[in-house]
Amino acid sequence: QALFLMNSPMVIERAKNLVALPAFQGLRDDAGRAQFLYENVLQREPSRDETKLVHEFSAAPPVTETVNPEASAWQYGEGRYDEVTQRVADFTAFTNFNNGQWQPSEKFPDPRRGYLMLNADGGHTAEGGITHAAIRRWTAPRAGRVQIHGELSHASADGDGVRSRIVSSRAGELNVWVARNNKADTSVALLEVRAGDTVDFVTDCGANTSNDTFKWPTVIAWMDGAPLGEPVVWDTQKNFMDVRKLPKPLAAWEKFAQILLLSNEFSFVD
């Protein structure tokens, strides 16, 4: 029952609605906000100990939370691969998600980039070669060691195939592969990352973009596990979505209202 209520959209919505009430929004001090929530949820005033806890709650630094951290770790866009520095430069995230794919504009094909796009399986290259490569970017949430398992494939006998590389913001280019009507194992046995490091999966065309649709399913996994509640594996196929549509985490006072709604005093009748 407790887990059901904790994950209940109805309870979350009620918590948001309580905090959104004009009477609550007009309050300017924590004691008044706490009293309002206690009176509206539990039909009583907070005790002295509860008031102390409220003060500790309001004084605590905010906790940054992410809804669906696996999906939120990925970005999709285009950029330039710098062969001198062996890093990605000028990365620009796509802002258009249409028909299950990220693309540079609402129009497809795009007037400037052609069939450039990224989807759950892979994507298509853009006109411009390494200047406007298709890039799937992963950002490390913390320091650690990861393994990368992937397979690049190009299924058409026509065209000149695609070139793909994995590029670390810290270590530079890890490897590069060319696929033309074949497959290539793109695994990386060990990569050390720090929080905020990016790993880019970069694909560009050869002489032209004809028949440049490619598949590149990839999994990134911590080698040393992860703290309880944090992701251990990121999967390019399973995590693919429009992250802008993910629900936003509850704000601090919305969480406090949710806590009262989840309390035994409110949820159960003796």
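**Exercise 1.** Determine how many cavities of 30 Å³ or more there are, and which residues line the largest cavity.

Solution. The count comes to one cavity of 30 Å³ or more, where a cavity is a set of points on a 1 Å grid over the protein atoms alone at which a 1.4 Å probe fits but cannot get out. The largest cavity holds about 50 Å³ of space, a volume being the space filled by probe spheres set on the points. Its lining, meaning residues with an atom within 4 Å of a point, consists of Leu-118, Arg-136, Phe-201, Thr-203, Phe-214, Trp-216, Thr-218 and Thr-236. This is a predicted model, in which local features need pLDDT of at least 70 and side-chain atom pairs pLDDT 80 or more, while totals for chains, interfaces and linings use all residues. Residues are numbered from 1 along each chain as its sequence is written, and side-chain values use heavy atoms, without hydrogens and water.

**Exercise 2.** Classify the ring pair of Trp-74 and Phe-201, and state whether each residue is buried or exposed.

Solution. Rings of Phe, Tyr and Trp (its six-membered ring) pair if their centres lie within 6.5 Å, with planes under 30 degrees apart counted as stacked, over 60 as edge-to-face and the rest as tilted. There are 17 aromatic pairs by this rule; in one of them, Trp-74 and Phe-201 are 6.1 Å apart centre to centre with 45° between the planes, and the pair is tilted. Trp-74 is buried at 2% relative accessible area, and Phe-201 is buried at 4%, buried meaning under 20% (1.4 Å probe, protein chains only).

Technical notes
On a 1 Å grid over the protein atoms alone, a cavity is a set of points where a 1.4 Å probe fits but cannot get out, and a pocket is an open set with protein on both sides within 12 Å along at least five of seven lines; lining residues have an atom within 4 Å of a point. Buried means under 20% relative accessible area, exposed over 50%, partly exposed in between (1.4 Å probe, protein chains only).
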